[in-house]
Amino acid sequence: MSPSVLIGISGGIAAYKTPLLVRLLVQSGIQTHVVMTDAAMNFVTPLTLATLTGNPVCHDMWGERDRPSVEHISLADNADFAVIAPATANIIGKIACGIADDMLTTVFMALRCPVLVCPSMNVNMFRNPIVQENLKKLEGLGYHLMEPESGYLACGWNAEGRMPEPEKIAQKIHSLMGPKDLAGEHILVTAGPTEEPLDPVRFITNRSSGKMGVAISDRAIARGAKVTLVAGPIRVQPACGVRHISVRTALEMRDRVMDVFRDATVVIKAAAVSDFRPTVTETEKVKKEEMTPTIVLTKNPDILAELGRIKREDQIIVGFAAETQDVLQNGRTKLRKKNLDMLVLNDVSKPGAGFDCDTNIVRFLHRSGDEEQMEIMSKDKVADLILDRVRTMRTAAQYQRNTSA
Ligand code: PMT
C-alpha cells in the first residue's frame with residue numbers, strides 16, 4: 001500500500017505554494033490528504049486541493065451534523081507522515097500549547113506519526129521570542145522543523161520568513177519517510193569540477209555541473225547517513241543536512257578531503273578533478289599583448305589514488321571514471337591502480353551520459369572482477385544503486401569479520 005501523508009495548511013500567504021507540494025507528493029505515488037484552517041481558505045480553495053489529491057478536504061468540524069464527527073481520528077490514524085505548510089505563528093502557538101479548537105489542530109493533536117513544521121511569517125513575528133520558544137518546545141517534543149528561507153516577504157521585508165520551495169519540502173518529507181539503511185555511515189562525497197586559475201579572471205575547468213555527486217549526497221542523507229560533500233563550483237543545491245564544503249581548486253579539494261577522510265567510513269569520488277593546473281597563477285589580469293600562446297602546466301595530485309593508498313580495512317572507496325575511448329580497459333586499470341572497492345564507469349561520449357545532464361549510463365566494476373552494465377536512468381536512481389552496492393559491501397565485510405572472529 002502506498003504511504004499516506006497528511007498536509008495541514010494554515011492561513012499564511014505562502015499557502016498559495018502548497019498545491020504544488022501536494023502535486024509533487026501525489027506524483028511520487030504518495031496518498032495525500034489535506035486539512036486546512038478557515039484562514040487558509042482565504043488563500044487557496046478546498047476545491048483545488050481536493051482536485052489535486054483526489055480526496056475530500058477537511059476543514060469544518062461541524063459540517064455534516066447528521067454524521068458522528070470522528071473524521072479527525074481516522075485522518076490521524078491513517079497518516080504515515082504529516083506536515084504543516086505553511087505554519088503560521090498562530091498554529092505553531094496552538095499546537096505547542098495543546099490547543100485543539102478547529103479541524104487542523106484537532107487532527108494534529110491525535111497524530112502518532114512524525115510531523116514536519118514549515119514556519120512561514122513576517123521576520124519580526126518569526127524572531128519574536130514567544131514564537132522561538134514555541135518552536136523550541138515543538139522540537140523538544142520530536143517535531144521536525146524546516147528553517148524558513150530568506151528573501152522577499154509579502155509584507156515588503158527582505159528577510160527570513162519565507163516558506164521553503166515545495167520541491168525542498170517534498171525532498172525533506174521523502175528523506176524523513178525513507179528507510180534509514182545507511183545510518184551509522186559517514187559518507188564523504190566529492191562533486192563538480194575544479195577551477196585552476198591562470199590569473200584573477202581566467203581559469204581551466206571542465207563541464208561537470210555537480211549533479212551526479214549531489215544526487216549521491218542527497219540520497220545518502222535521505223537514507224540516514226551523515227554526509228560531507230566537498231564540491232567545486234556546482235550549479236545545484238545540496239539537500240538540507242548535507243555538510244557542504246565549497247572548494248575551488250584541486251589542491252583545495254585534496255586538503256579538505258584529507259581533513260574529513262579519517263572520520264569517513266565511505267568515500268564516493270564523483271568530482272571531475274582537473275589533472276593539471278597552470279604552473280604560475282598571475283595576481284593581476286594578464287594583458288593580451290603580454291600573453292604567450294603556451295600555458296605551462298603542473299600535474300595535480302591524484303586525490304583518489306592517494307586515498308586508495310592510505311585507506312583502512314573498514315573504509316569503502318568508490319571512484320568514478322569518465323572515459324571516451326578504450327572505456328572498459330581504462331576503467332579496469334583505474335579500479336586496480338587506485339585500489340578501489342568499486343568503480344563507476346561512464347562513457348561520457350554517449351548521449352544521456354556523464355556531464356551536465358539529468359541522466360547517466362554507467363557500468364559498475366567491482367574489486368572481485370564482477371561487472372554490471374546499467375541502462376540509461378536518472379542520476380538519483382544511479383545514486384541509489386551505488387549506495388545499494390555500498391550497503392552490500394558493508395554487510396559482506398561485517399559477515400566476513402564475524403565468521404573469522
Ligand atoms: O557533475 P555532472 O555534470 O553530473 O557529471 C558527472 C561526471 C561525468 C563528472 C561523473 O559522472 C564522473 O564521471 N566523475 C569523474 C570524472 C573524472 O574526473 O574522471 P577521471 O577518469 O578523470 O578520474 C577518475 C577518478 O579519479 C574520479 O573519481 C576522480 O574524482 C578522481 N581524480 C581524478 C583526478 C585527480 N587529480 N584526482 C582525483 O581524485
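Student: Which strands does α9 lie across?

Tutor: In this predicted model, where local features need pLDDT of at least 70, side-chain atom pairs count only at pLDDT 80 or more and totals for chains, interfaces and linings use all residues, α9 lies across β8, β11, β13 (266–269) and β16, and runs at about 160° to β8. Contact means heavy atoms within 4.5 Å, angles run from 0 to 180 degrees between N-to-C directions of axes fitted to C-alpha atoms, for helices over the stretch in contact, and helices (H or I, at least four residues) and strands (E, at least two) are DSSP runs numbered from the N terminus. Residues are numbered from 1 along each chain as its sequence is written, and side-chain values use heavy atoms, with hydrogens and water left out.

Student: And what does α12 touch?

Tutor: Helix α12 (residues 327–337) packs on the sheet and touches β16, β17 (342–347), β19 (362–366) and β20, while its direction makes about 155° with that of β17.

Student: How do β8 and β11 run, parallel or antiparallel?

Tutor: They run parallel, with six bridges joining residues 186–191 of β8 to residues 226–231 of β11; two strands pair if DSSP finds at least two bridges between them. Within this pair, Thr190 has Val230 of β11 as its bridge partner.

Student: New topic: which backbone atoms lie by a nitrogen of the ligand?

Tutor: A backbone N or O atom of Pro301 lies 3.0 Å from a ligand nitrogen atom, and one of Ile303 lies 3.1 Å from a ligand nitrogen atom.

Student: What about Lys379?

Tutor: A polar side-chain atom of Lys379 lies 2.7 Å from an oxygen atom of the ligand.

Key: A polar contact is a pair of N or O atoms within 3.5 Å; within protein, one must be able to donate a hydrogen and the other to accept it, and residues adjacent in sequence count only if both atoms are side-chain atoms.
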